[in-house]
Amino acid sequence: MKIFLDTSSVEVIRSHLSTGLIDGVTTNPSLMLKEGKDPLEVIRRISDLFPDDASVSAEVTAETAHEMVELSRPYTSLGSNVTVKVPCTREGLEACYILSENEFKVNVTLVFSQAQAILAAKAGATFVSPFVGRVDDNSFGGLCLVKDIANVYAKHNVSTQVLAASIRNVREVGRAFEYGANICTLPPAIFDKMYNHILTDDGLRRFNEDWANLMG
Ligand code: G3P
């Protein structure tokens, strides 16, 4: 059960690393826009924070597969923990095939159906990213999609990992893992909510009071 942070903020990632609970990072053009910095420099700084076997997804946006492959070069040269993120389109799948044949890790993103996930696996994707929240926004089940993908991968011994993305609340994290996700990528605020619990805070307050009374 791996946890990635879904952010392009180097500072936020750094501040969460000491927990020892963060296994990687995903970024996308919208998250990059929020930071307003050079994406290559952002990915370089994030990549430097993680070991070689971690994953830092850098998304490439282009019309054709070959343009996507070209755009990925500066990113993949940063380190072996950089994963190229491509959209689940015909061109994106072709780019995935080319990159994975060349031993690069690929995350196929914007996945909204089991059929897309099957093609991503066949194209050699290391990760497939079903968008749980955006599926729910469109009135079908995001977590059911995670389950459907995980089930078909398990049945056919597929090594592509299911990376549940577009997670909007803590409950979905537990469910996504229960349904077979290998990884959940979380906005930092959702990760922080995972360890916060009102009953933990209340219980701790009472224990601290009792301890203080015992010690005089
Ligand atoms: O990394 C992509 C994904 O997590 C986007 O989430 O909330 O914009 O649907 P969201």
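A: Leu110 is partly exposed, with a relative accessible area of 31%; buried means under 20% relative accessible area, exposed over 50%, and partly exposed in between, with a 1.4 Å probe and protein chains only. This is a predicted model, in which local features need pLDDT of at least 70 and side-chain atom pairs pLDDT 80 or more, while totals for chains, interfaces and linings use all residues. Residues are numbered from 1 along each chain as its sequence is written, and side-chain values use heavy atoms, with hydrogens and water left out.

Leu110 belongs to strand 5, residues 106-111. Helices (H or I, at least four residues) and strands (E, at least two) are DSSP runs numbered from the N terminus. Although not a glycine, Leu110 has a positive phi of about 60 degrees. Most residues other than glycine have a negative phi.

Ser166 is another non-glycine residue with a positive phi, near 55 degrees. Ser166 sits in the loop between strand 7 (161-164) and helix 9 (170-178). With 12% relative accessibility, Ser166 counts as buried.

An N or O atom in the side chain of Asp6 is 2.5 Å from a ligand oxygen. For Arg134, a polar side-chain atom lies 2.7 Å from an oxygen atom of the ligand. For the side chain of Asn28, the distance from an N or O atom to a ligand oxygen is 3.3 Å. Of the 310 Å² of accessible area that the ligand has on its own, the protein covers 81%. Accessible areas come from the Shrake-Rupley method with a 1.4 Å probe; for residues, only the protein chains shown count as cover.

The ligand takes up the space of the largest pocket. A pocket is an open set of points on a 1 Å grid over the protein atoms alone, where a 1.4 Å probe fits, with protein on both sides within 12 Å along at least five of seven lines. A molecule sits in a pocket if more than half of its atoms lie within 2 Å of its grid points.

Thr83, in strand 4 (residues 82-87), is buried at 0% relative accessible area. A polar contact of 2.7 Å joins the side chains of Thr83 and Ser55. Such a contact is a pair of N or O atoms within 3.5 Å; within protein, one must be able to donate a hydrogen and the other to accept it, and residues adjacent in sequence count only if both atoms are side-chain atoms.

Some C-alpha separations give the scale. Phe50, in the loop between helix 3 (39-49) and strand 3 (55-59), is buried at 8% relative accessibility, and its C-alpha is 29 Å from that of Leu119. Lys155, in helix 8 (residues 142-155), is exposed at 69%; its C-alpha and that of Leu31 are 35 Å apart. Glu178, in helix 9, is exposed at 54%. Glu178 and Met215 are 37 residues apart in sequence and 44 Å apart, C-alpha to C-alpha.

Definitions and conventions. 1 Å grid on protein atoms, 1.4 Å probe; cavity = no way out; pocket = protein on both sides within 12 Å on 5 of 7 lines; lining within 4 Å.
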